[in-house]
Amino acid sequence: MTILITTCSKRKLTKGGASLEEGVTFKTQDALMDHWQDLVESVPKSEYVEVAKQYQGRGFRQVLHMVQGELNKLFVISAGLGLVRADVAIPGYNFTVSAGSSDARNILPYVTFDAGAWFEAMCNFKYDAGCSAGSYNLEEIFHKAAEDEEYVVLALSRPYLGMLLRELERLHTEDPTQFECLRIIGANLEEIAPYWMFEYIMPYNAHSGGVVGSKIDFAQRATAHFISEVLDTTTQCNALAHAKLVHKKLPAFLQTSTGLTGGGSNGLGVRTKLTDDELIAFIMAEWENCFGAKTRLLYTLRKGRGLSCSVERFAKAFDKVLISKAQATAQDVLMTEVPDA
């Protein structure tokens with residue numbers, strides 16, 4: 001069974017519980033954290049609701065259906081509570097805060113909200129010490145997935161990936177091999193993802209810009225397709241093999257999910273694939289515009305031009321260009337005349 005991690009929804013079963021006082025502001029994020037945790041701990045047990053019942057959004061209900069009753073395999077990223085499991089009862093609350101949101105600017109007018117630090121602190125928060133109920137952390141989840149040989153699928157939006165980045169970066173630095181089980185699905189995540197994460201992002205995201213209608217539950221709809229059409233049809237595969245299969249099956253998903261068909265570079269169908277020489281030419285042409293940054297170049301290729309390329313193949317082409325530029329620079333230095341003493 002796959003472990004799913006997705007985002008919470010604004011629509012909730014209960015409206016009461018912990019809520020910030022209207023007009024309250026804080027000079028530091030730590031002060032806000034202390035105050036918020038006090039509010040959460042003060043919620044009476046009568047206002048606790050099981051996670052699976054609390055969130056009512058369409059995307060969340062779709063993910064809930066995927067786990068087929070195994071609620072211990074579903075985790076929810078909540079700005080108000082951290083990372084919670086679907087079969088655990090949580091306090092009622094009314095609080096949404098993400099980087100750049102009006103909530104964050106109004107609550108913390110003197111400092112910039114640090115989403116990564118907030119999430120890290122919430123993941124270490126036990127709101128009910130009596131029964132040790134509280135948030136989980138990604139390290140625990142990856143460790144359990146490795147033991148059980150399961151995949152961990154993240155279905156999320158950019159603001160929520162921003163909350164997780166700090167913790168993901170730390171875990172990747174400590175042990176990159178634990179990420180072999182990770183698959184990430186969402187729209188335009190490469191805009192903020194570090195380069196090492198690109199191989200784990202399934203190529204649904206490059207096409208979400210063309211989806212007509214609501215995009216709120218795009219990650220959840222794409223995840224449903226990924227599990228049923230990719231994971232359930234393969235044995236243990238690496239991320240590259242899964243990405244190739246997603247790319248192959250993407251046109252059918254777009255047609256059934258959004259009613260769209262088509263191709264080319266408009267983000268609605270299968271992307272054009274460059275030859276090795278064309279790929280090198282593209283990198284050289286965009287080198288100055290992207291400041292020679294590998295991540296910017298790959299993002300420009302996939303998002304700006306709607307072109308197809310695996311991370312591994314792009315890295316090889318980038319290294320060739322880098323070597324050729326280094327050789328050209330060295331040649332220029334040798335050819336420079338040394339002025340007479």
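Tutor: Let us begin with strand β9 (residues 182-185): Leu 182 and Ile 184 point one way, Arg 183 and Ile 185 point the other way, and all are buried. Buried means under 20% relative accessible area, exposed over 50%, and partly exposed in between (1.4 Å probe, protein chains only). Strands (E, at least two residues) and helices (H or I, at least four) are DSSP runs, numbered from the N terminus. This is a predicted model, in which local features need pLDDT of at least 70 and side-chain atom pairs count only at pLDDT 80 or more, while totals for chains, interfaces and linings use all residues. Residues are numbered from 1 along each chain as its sequence is written, and side-chain values use heavy atoms, with hydrogens and water left out.

Student: In what sense do β8 and β9 pair, and over how many bridges?

Tutor: Two strands pair if DSSP finds at least two bridges between them. β8 and β9 pair in the parallel sense over four bridges, and Leu 182 in β9 is the bridge partner of Val 152. Val 152 in β8 also stands opposite Ile 3, in strand β1, which runs parallel to β8 (residues 152-155) and is joined to it by four bridges.

Student: Which other strand pairs with β1?

Tutor: Strand β4 (residues 74-78) pairs with β1 in the parallel sense, over four bridges. Here Leu 4 stands opposite Leu 74.

Student: Why is β1 described as largely enclosed?

Tutor: Five of the five residues of β1 (residues 3-7) are buried, so the rest of the structure largely encloses the strand. Both faces are covered, with Ile 3, Ile 5 and Thr 7 buried on one side and Leu 4 and Thr 6 on the other.

Student: Is Gln 54 buried or exposed?

Tutor: Gln 54, in helix α2 (residues 51-54), counts as buried because its relative accessibility is 0%. A polar contact is a pair of N or O atoms within 3.5 Å; within protein, one must be able to donate a hydrogen and the other to accept it, and residues adjacent in sequence count only if both atoms are side-chain atoms. The side chains of Gln 54 and Thr 14 make such a contact at 3.0 Å.

Student: At what angle do helices α5 and α7 pack?

Tutor: Axes are lines fitted to C-alpha atoms, for helices over the stretch in contact, and angles run from 0 to 180 degrees between N-to-C directions. Helix α5 (residues 115-122) and helix α7 (residues 158-174) pack at about 70°, with axes 7 Å apart.
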